[in-house]
Every structure is written in C-alpha cells, then in structure tokens.
Amino acid sequence: MNQAMLWGVGTSSYGRFPDQRVESLAWTAVAEAVQDAGIRPDEIDAIIVGSVFGPPGVATRIQRGLGIPSVPMWTVENACASGTAAYHEAVEAVRHGRFKCVLVLGVDQMSTLFSGAIVPEATDPEGAASLPLPGLYALQAQRYVGEFGVTPEQLAAIAVKNKTNGMDNPRAQLRDTVPTVQEVLDSRMIAEPLTFLQCCPTSDGAGAAIVGGDRGDRSDLRIEASAMVSGALWDQRSEDVWGFASVARAAEKAFDQAGRTPQEIDVLEVHDAFTIGEIITLEALGIAPRGKGAELAPSGHTTRDGAQPVNPSGGLLSRGHPLGATGMAQLAEIAWQLRGQAGPRQVARHRVGLVETMGGGAAGMDGNACVVTILSTQS
Amino acid sequence: MSELGVGRPTKRRAGSAVGGLPVADSRPVLDGDAVLGSRCTVCRYPTAQQHLPWCPVCYGATEPARFARTGKTWSSTVVAIPVGTRRPPFGLAYVDLDDGPRVLAHLDEPAVLALGTRLEITGTDDGDLVATTEVQ
Ligand SMILES: [Zn+2]
C-alpha cells in the first residue's frame with residue numbers, strides 16, 4: 001500500500017449565494033487547492049465530487065471550466081458525508097496505486113433549493129411523517145438528556161464555544177456576535193430542546209483537496225487513516241442513540257489504521273450540525289466516556305485553548321452546512337491548523353488532527369455514512 | 001411551510017404535501033387493532049418495513065405481521081417549526097411497540113414525555129400514526 005498524502009486544500013466562502021453559479025463556488029475552491037498543492041491542473045489524473053443537491057452532471061459542469069479532459073470522474077452522494085466520502089475514495093485510490101494525483105471536490109448550493117429548513121424526503125417513512133432533521137436530532141437529544149441528565153446549559157455551551165471560534169473565521173456564514181448561554185437558550189425553539197442558535201444554517205459553498213502519493217514535500221500532510229462506513233440498522237434493539245454507532249464504527253477503524261488513541265489527537269473538526277451532535281460524536285470518537293461528552297465544552301477541554309480543541313473553525317454552527325462541501329471544509333481547516341496557517345484561530349498543539357463527518361437522515365439506519373480521517377505533520 | 005416546493009422544483013422529493021408530486025407512502029400502517037409490518041420466520045426480528053427481500057438481520061424469509069398498538073416511549077420532542085402540512089407545535093415520539101418495531105408517531109397532545117412512558121397508537125392523521133398516553 002502506498003502512503004496517501006494531502007497536498008493542498010481550498011474552499012469558497014460559506015453563506016447564501018443564490019446569485020452565484022454552482023460552478024463558481026467550486027472553481028474558487030479548486031483554484032485555491034491547486035495553488036496550495038503547487039501543481040499544474042494537468043497533473044490531476046482523476047476527479048471525485050461529493051454533492052447531495054447539485055444539479056445532475058454537476059461534476060461535468062464544473063469540469064468544463066478546468067481543462068482536465070478525459071480523466072476518470074464521478075460523483076458520490078452520502079448525505080452530509082458526501083465530501084469526505086469522495087475524499088475517502090481518493091485516498092483509497094492513491095493507496096492502491098490507481099491514481100497519482102486526485103482532485104476531490106465537495107459542493108452544494110442550498111439557497112437555490114430551500115427557502116428555510118430542508119424539506120424532509122417524502123419517500124422516507126420519517127420524512128413522510130413530517131420529521132425534520134432538527135426533530136431527529138431533538139429526539140436523540142431528549143433520549144440522551146433522559147439517560148444522562150445533560151443540562152440545557154451544557155448543550156448551549158457547544159453553540160457558544162463554536163460561535164466564539166467562528167468569529168475568527170472569515171469564511172464562516174455566521175460571525176456577527178457571540179451569544180451567551182442564556183441567549184442560546186432564549187432563542188426561538190425549533191424542536192425541544194434544540195433552539196435556533198443550536199442549529200446550523202443551510203448554506204452554499206465548496207471545498208476542494210488534492211490527494212496524492214508521497215512526493216517528498218515536507219509541507220504535505222500524512223494521511224494516517226481514512227475510514228468510511230455506511231449505516232447499519234438503528235431500531236428497537238439499539239442501545240445507543242441514533243447516529244452514535246456509525247461514528248463509533250468509523251472511529252474504531254480509523255484509530256486502528258493510525259495506531260493511535262483518541263487522547264493523541266491535538267485538534268478536531270467534527271459534525272456539529274446541532275449542538276447534541278458534537279457531544280454524541282466526541283463520545284463515539286472516544287474523546288469522552290459515554291455520558292460525559294457534555295462536560296467537555298463547559299470544562300474548557302474542547303475550547304480553542306483547551307487540551308483538545310474541537311471545531312476551531314466555528315464548526316457547522318458558524319460556518320454553515322452546504323452538505324456536500326462540509327466535509328471538505330472540515331478537512332481544509334485541519335490542514336491549515338496542522339500547518340500552523342490558521343491565523344487567529346490557530347491552536348497551540350497541532351501535530352495530529354482528526355476530521356469526522358456524519359451524514360444521516362434515512363429512517364431506521366444509524367446514519368447514511370460516516371467518514372473519519374486522521375492526518376499528521378511530518379515531524 | 002407550504003410555500004416550499006411551489007414555483008420551484010427541489011431536488012429533494014417533497015411529496016404532494018408541499019406542492020410536489022405524490023409518492024408511494026412508506027409509513028407504517030394501522031389496521032384496526034394492529035400496526036402492520038413484517039417478522040422474520042427464522043429469528044423473529046420484527047420491523048415496520050414491508051416487501052423486504054429477506055430478513056435484514058439473518059437473511060431468513062419474512063412474513064407479514066401484526067404488532068400490538070401499545071408500547072413505550074423511546075424519546076419524544078415538540079417540533080416548533082412548520083413541516084409539510086404540519087403546523088407547530090406538534091409532538092413526535094419514537095415508540096417501541098410491545099411485541100414489535102420502533103415506530104415514529106405523532107402525539108395527540110404536544111409534550112415531551114418521560115422516557116418509557118406508556119403510549120398507545122390510537123389512530124392516524126393523514127397517514128401518520130397518532131399516539132396517546134395510555135390511561136392507567
Ligand atoms: Zn431474521
């Protein structure tokens with residue numbers, strides 16, 4: 001197996017850009033990633049695109065501005081993990097020698113499809129019954145609160161932490177003010193116990209990465225692990241809340257590949273579409289024991305100056321959530337952090353980083369897919 | 001949120017409730033005193049899904065099944081935003097049926113219930129299962 005490396009990353013800004021073309025968002029991210037990797041576009045020998053709501057043929061529409069003809073190219077859809085699922089395919093392809101240099105792209109433009117919350121999928125039992133995604137997370141949260149006694153203030157602390165971090169992210173959608181815990185709790189209720197400020201906005205944006213082999217460049221990041229799992233049945237037999245098990249399965253594979261423990265991770269970007277998501281995810285990753293994840297943010301463990309900063313970019317709660325692009329945005333942030341290029345967001349220890357993206361929503365499964373990747377600097 | 005899907009196609013299949021085309025109904029069906037679904041003839045795994053190719057747990061053959069309408073609350077919430085034709089606030093709960101699968105039901109009165117609260121599926125509303133707190 002060849003060693004896969006991350007050569008470069010790039011992103012667009014995140015926000016509501018209904019007047020921009022989908023291609024423009026993608027081209028911004030691709031141009032930055034190609035420059036960051038220091039390659040010519042014709043060195044790219046495959047293109048993998050992650051998108052959920054892109055127009056049919058979105059990859060080709062983007063490709064026509066790139067001048068990279070005839071290379072193998074395909075689009076993958078794995079809900080919110082679409083971007084990192086595309087990345088995972090690139091990593092596997094490079095590991096197995098299929099390609100030498102792969103362009104990975106995640107893109108979605110939600111503002112041209114939905115005027116508010118995402119319309120639930122009507123072919124799904126839960127969607128047909130009017131369960132919105134914040135409602136699914138709310139059911140997860142109420143179960144978790146009932147089992148472990150998590151307080152509303154602990155939930156709100158996630159929003160305060162991530163929105164504080166997001167103030168220093170010029171590409172984030174929301175960076176006007178940092179709410180207090182009380183303001184988070186006082187914001188309009190969406191689905192009990194999740195208030196408006198505990199839900200990420202739907203957004204437009206793109207993220208890109210260049211994945212290749214070891215070319216002897218010291219600034220490339222070593223991809224120690226990349227694991228992707230699809231969902232498993234989530235039903236009356238499940239002992240975990242919805243979504244936990246898929247993250248845990250991917251995490252176990254990733255830590256096994258990297259030969260590391262959760263305690264060795266210096267900085268993390270994880271899927272915080274809703275505040276409860278970050279808590280559940282950090283437990284599934286092994287950063288906190290079961291039932292203790294809610295203590296991480298209030299204790300300062302996961303703040304930017306804490307022992308293990310989580311979502312120094314501001315996370316989805318600040319950046320916004322263009323589904324297919326989210327995983328690539330997370331990857332870009334970890335790359336910038338590991339290289340010490342994160343400016344005012346820079347965390348102190350930045351040798352080993354982790355990205356986790358969880359996509360879900362199909363009823364009866366513990367997720368559509370989850371990707372966990374671990375990267376490190378070559379020191 | 002009835003304006004969604006009107007005047008603009010969305011990639012997400014919205015269904016007729018929000019202005020899209022009708023789609024096959026995938027929700028669990030209440031038939032008299034039972035919720036319909038399937039049960040594995042080998043491992044007895046119960047599910048509210050129908051027309052399965054095989055048991056998703058052991059790959060054995062499945063047969064149509066009728067499940068009791070009573071069960072326990074796994075979790076519940078009150079949704080405060082409009083969704084489809086639903087106007088807020090409305091209550092939702094995952095109910096673990098006593099001899100069967102976990103199903104999503106609307107609560108007849110919006111409320112967050114204690115975990116394990118006994119519920120009974122008492123009817124449907126526009127195809128959605130409706131659950132009522134069981135009278136002790
Ligand atoms: Zn079976």
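Helices (H or I, at least four residues) and strands (E, at least two) are taken as DSSP runs and numbered from the N terminus. This is a predicted model, in which local features need pLDDT of at least 70 and side-chain atom pairs count only at pLDDT 80 or more, while totals for chains, interfaces and linings use all residues. Residues are numbered from 1 along each chain as its sequence is written, chains are lettered from A and ligands numbered from 1 in the order in which they are written, and side-chain values use heavy atoms, with hydrogens and water left out.

Helix α9(A) spans residues 275-284 and is mostly covered, since 10 of its 10 residues are buried; buried here means under 20% relative accessible area, exposed means over 50%, and partly exposed lies in between (1.4 Å probe, protein chains only). The buried residues include Glu278(A) and Glu283(A) as well as Ile276(A), Ile279(A), Ile280(A) and Leu282(A). After α9(A) comes Gly286(A), which has a positive phi near 90°.

Asn311(A) is found in the loop between α10 (296-299) and α11 (315-319) of chain A, and its relative accessibility of 0% makes it buried. A polar atom of the Asn311(A) side chain lies 2.9 Å from the backbone nitrogen of Val270(A); a polar contact is a pair of N or O atoms within 3.5 Å, where within protein one must be able to donate a hydrogen and the other to accept it, and residues adjacent in sequence count only if both atoms are side-chain atoms.

**Strand β7 of chain A**

Strand β7(A), residues 204-212, is largely enclosed by the rest of the structure, because nine of its nine residues are buried. In a regular strand the side chains alternate between the two faces of the sheet. In β7(A), Asp204(A), Ala206(A), Ala208(A), Ile210(A) and Gly212(A) point one way, whereas Gly205(A), Gly207(A), Ala209(A) and Val211(A) point the other way.

Two strands count as paired if DSSP finds at least two bridges between them. Strand β1 (residues 5-11) of chain A pairs with β7(A) in the antiparallel sense over six bridges, with Gly10(A) opposite Ala208(A). Strand β4 (residues 101-109) of chain A also runs antiparallel to β7(A), joined by nine bridges, and here Val104(A) stands opposite Ala209(A).

UniProt, in an unreviewed entry, places the feature "domain: Thiolase N-terminal" at residues 13-211 of chain A; its positions are given in the numbering used here, feature names are shortened, and annotations may be inferred rather than shown by experiment. Over residues 13-211 of chain A the chain is 39% helix and 16% strand, with the end C-alpha atoms 22 Å apart.

**The zinc site in chain B**

The zinc ion is coordinated by the SG atoms of Cys40(B), Cys43(B), Cys55(B) and Cys58(B), at 2.3 to 2.4 Å; donors are N, O and S atoms within 2.8 Å of the metal (3.2 Å for Na, K and Ca), and water is not among the atoms, so sites may look incomplete. The angles subtended by the four donor atoms run from 97 to 117°, which makes the arrangement tetrahedral, a term that requires all angles of four donors to lie between 85 and 135 degrees. Along the chain, the donors follow the spacing C-x2-C-x11-C-x2-C. Cys43(B), in the loop between β2 (34-40) and β3 (46-47) of chain B, and Cys55(B), in the loop between β3 and β4 (62-68) of chain B, are 12 residues apart and link distant parts of the chain.

| Residue | Relative accessibility | Class |
|---|---|---|
| Cys43(B) | 35% | partly exposed |
| Cys55(B) | 0% | buried |
| Cys58(B) | 31% | partly exposed |

With a disulfide taken as a pair of cysteine sulfur atoms within 2.5 Å, the count over all chains is zero.

**Strands β5, β8 and β9 of chain B**

Strand β5 (residues 70-79) and strand β8 (residues 118-125) of chain B pair in the antiparallel sense over three bridges, and Gly71(B) has Leu119(B) as its bridge partner in β8(B). β8(B) also pairs, antiparallel and over six bridges, with strand β9 (residues 128-133) of chain B, where Thr124(B) stands opposite Leu129(B). β8(B) and β9(B) form a hairpin with two residues between them, and Asp126(B) in the turn has a positive phi of about 55°.

Definitions and conventions: Four donors count as tetrahedral if all angles lie between 85 and 135 degrees; four count as square planar and six as octahedral if opposite donors are over 155 degrees apart and all others between 65 and 115; anything else is irregular.
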